[in-house]
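Please read this briefing with the model open beside you. Find each residue as it comes up.

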Amino acid sequence: MPRRIRRNSPGRATAVALEAGERLRIVNHLGQQVVDTWAHIQGDIHECLSMEHCRDKLYKLFFEVGDVLISNRRRPLFQITADTSPGRHDTLCAACDARSYAALGLGDDHPNCSANYRRLLGEAVTVPCPWNLFMDIPVDADGRLSDRPSAAGPGDFVELRALTGLVVVCSPCPQELIPISGVGRPVRGVLWQRLQTGDEGSPALHPTSDCKEVGA
Ligand SMILES: [Zn+2]
């Protein structure tokens, strides 16, 4: 059975260290929750998952099962080994921050993914562009972007296999005005499963009594 199940609560980022060969599932157990996701080499926050380098290497906007994502120094970091969601994970949008919410009229102190990242990794760090798991931002033929509510269903997950020693960081996005995480839904947590040898093919998590939706 899968072990080390962790909940990533709304309003903060969580980090999980992985050794080469370990796999991690990020489970959207209540559905539609966008999750800003970063990774960096263990012991070197400056070598990090880079959306621009991944797009350049893979020559596409959306990454899929089998793709190897790389760092800003072009080192392979992890492979996407499973994805039960519809597979749209934005690679273009910056993490939300205090100013992005102020521009939407939501005040100067709205919870945000950039602050969650800095609270965990240091106030002085630059926040890299996240891999926005479950965030569906279509790009039309003229290159324009639009917002769609996430199509990720309850229990959908993305699974990664580390190719080197990594730290993966996730922040469930608290954006509620633009309905990227569903219409009229409060920010929810997500679950983590670190998979052990022998867990291959294990089912996704389902909502449990200790994983209630915030506001529910
Ligand atoms: Zn956010």
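Six residues touch the most other members of the largest nonpolar core, which has 41 residues: Ile 26, Val 35, Ala 39, Leu 166, Val 168 and Val 169. A nonpolar core is a set of buried Ala, Val, Leu, Ile, Met, Phe, Trp, Tyr and Cys residues joined through C-beta atoms within 7 Å. Strand E10 gives the most to this core, with five residues. This is a predicted model: local features need pLDDT of at least 70, side-chain atom pairs count only at pLDDT 80 or more, and totals for chains, interfaces and linings use all residues. Residues are numbered from 1 along each chain as its sequence is written.

**Terms for burial and elements**

- A residue is buried if 20 or more other C-beta atoms lie within 10 Å of its own, exposed if 12 or fewer, and partly exposed in between; C-beta atoms are placed from the backbone.
- Helices (H or I, at least four residues) and strands (E, at least two) are DSSP runs, numbered from the N terminus.

**The chain as a whole**

- The chain has three helices and 11 strands.
- From the N terminus on, the order of elements is β-β-β-β-β-α-β-β-α-α-β-β-β-β.
- Of the 216 residues in the chain, 38% are buried.
- Two residues are in contact if their C-beta atoms, placed from the backbone, lie within 7 Å.
- Take the contacts between residues at least 6 apart in sequence: 74% of them join residues at least 24 apart.

- How many residues of strand E10 (residues 166-172) are buried? Seven of its seven residues are, and the strand is mostly covered.
- In a regular strand the side chains alternate between the two faces of the sheet.
- In E10, Leu 166, Val 168, Cys 170 and Pro 172 point one way. Val 167, Val 169 and Ser 171 point the other way.
- Two strands pair if DSSP finds at least two bridges between them.
- Strand E2 (residues 14-18) pairs with E10 in the antiparallel sense, over five bridges. Here Thr 14 stands opposite Cys 170.
- Strand E4 (residues 35-41) is joined to E10 by seven bridges, and the two run antiparallel. Trp 38 has Val 169 as its bridge partner in E10.
- Val 168 touches Ala 15, Val 16, Leu 18, Leu 24, Thr 37 and Ala 39, not counting residues up to four places away in sequence.

**Helix H3**

- In helix H3 (residues 113-121), the buried residues include Cys 113, Ser 114, Ala 115, Asn 116 and Tyr 117.
- What do the buried residues of H3 pack against? They pack against E4, H2 and E10.
- Gly 122 follows H3, and its phi is positive, near 125°.

- E6 and E7 run antiparallel and are joined by three bridges. Leu 69 has Phe 78 as its bridge partner in E7.
- The two strands form a hairpin with five residues between them.
- E7 also pairs with strand E9 (residues 156-162), in the antiparallel sense over five bridges. Phe 78 has Ala 162 as its bridge partner in E9.

**Residues in loops**

- Arg 74 sits in the loop between E6 and E7. Its phi is positive, about 65°, although Arg 74 is not a glycine.
- Arg 74 counts as exposed because it has 12 C-beta neighbours inside 10 Å.
- Tyr 59 lies in the loop between helix H1 (51-58) and strand E6 (68-70). Tyr 59 is not a glycine either, yet its phi is positive, about 60°.
- Why does Tyr 59 count as exposed? Tyr 59 has 7 C-beta neighbours inside 10 Å.
- Gly 87 is in the loop between strand E7 (76-83) and helix H2 (98-103). Gly 87 counts as partly exposed because it has 17 C-beta neighbours inside 10 Å.
- Leaving aside neighbours within four places in sequence, Gly 87 is in contact with Phe 62 and Glu 64.
- Gly 87 and Val 158 are 71 residues apart along the chain, with their C-alpha atoms separated by 8.8 Å.

**Confidence**

- The predictor's confidence in each residue is its pLDDT, from 0 to 100.
- The chain averages a pLDDT of 87, and 85% of the residues score at least 70.
- Over residues 205-216 the pLDDT is below 50. Beyond near neighbours in sequence, this stretch has 22 contacts in the model.
- Where pLDDT is low, the predicted coordinates should not be read in detail.
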